[in-house]
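The report below takes up a residue close-up, a helix pair and a group of aromatic rings in turn. Please read it beside the sequence and the coordinates.

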Amino acid sequence: MEHSETEVSEYDCACGAGNYTISKYKYRDDYSSEEIKTVSLINCSTCKDDYLAADQYIVPKQLDQILSEATAEVNNLCQVIKEYSFAHYKKDMIHYVTSIPVTRWYALWQIISPSIQTFRKDLKMLNGQANAFEYHLMGNHENTIKRIIATLEKCGIEDSKLSQWISDLGVLTHKETQAKNERNKALFKGKLNKKYVTYEDPYWI
């Protein structure tokens, strides 16, 4: 990739005595494909220790850390639930979703992408059902857990340990939502002082 240009936006910081900059470095290859790297920098001795730059905003580090920790707690418990469910009930889940009409599987897991037509085609490929099962339960996030729990309910499986974890997950997701709201309320966007384009190659990135 070859550097083409850099767009720099400079904003007033929270204390008003300094500024922060958002620099977007654009790169292009021989096929006109473009890649953008963004670097945020707080140029203020008063604010740089207490704030982080994010997109066009700066946010208190403490609130960002609280949200990161809350999200990590949610993801960790989701991983525990997923691993336990796979270890004990994976065969039951696969048997259920592959024995019902494709449209019911698609609706049960609330799949948005791919389209139902593409999903149907994917299932017909070699190992398509197994691959689809693994792909749509990939990751350790809430959507994966919702799909697992919905499937276990259809299988008629009740597990007290899972029930307790799901209850705990509800508490953690509420905590995460509160942390996200607090962070969003504290986002600060300073007055745009200047915006310019430079063609200097940022060799240090």
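His 3 is placed in strand S1 (residues 2–12), strands being DSSP runs of E with at least two residues and helices runs of H or I with at least four, numbered from the N terminus. The model is a predicted one, in which local features need pLDDT of at least 70 and side-chain atom pairs count only at pLDDT 80 or more, while totals for chains, interfaces and linings use all residues. Residues are numbered from 1 along each chain as its sequence is written, and side-chain values use heavy atoms, with hydrogens and water left out.

With a relative accessibility of 14%, His 3 counts as buried (under 20% relative accessible area, with exposed over 50% and partly exposed in between, for a 1.4 Å probe and protein chains only). Its side chain forms a polar contact of 2.9 Å with the side chain of Thr 6, and the side chain of His 3 also reaches the backbone oxygen of Glu 5 at 3.3 Å; a polar contact is a pair of N or O atoms within 3.5 Å, where within protein one must be able to donate a hydrogen and the other to accept it, and residues adjacent in sequence count only if both atoms are side-chain atoms. Leaving aside neighbours within four places in sequence, the residues in contact with His 3 (heavy atoms within 4.5 Å) include Tyr 25, Tyr 27, Tyr 199 and Asp 201.

## Helices H1 and H5

The axes of helix H1 (residues 61–99) and helix H5 (residues 142–154) come within 9 Å and cross at roughly 35 degrees, where axes are lines fitted to C-alpha atoms, for helices over the stretch in contact, and angles run from 0 to 180 degrees between N-to-C directions. Among the residues that meet are Ile 81, Phe 86 and Met 93 in H1, and Ile 145, Ile 148 and Leu 152 in H5.

## Aromatic pairs

Seven aromatic pairs are counted, rings of Phe, Tyr and Trp (its six-membered ring) being paired if their centres lie within 6.5 Å, with planes under 30 degrees apart counted as stacked, over 60 as edge-to-face and the rest as tilted. Trp 105 and Phe 119 form an edge-to-face pair, at 5.3 Å centre to centre and 85 degrees between the planes. Trp 105 lies in helix H2 (residues 102–108) and Phe 119 in helix H3 (residues 116–124), so this pair ties together parts that are 14 residues apart in sequence. Trp 105 is buried, with a relative accessible area of 1%, and Phe 119 is buried at 1% relative accessibility.
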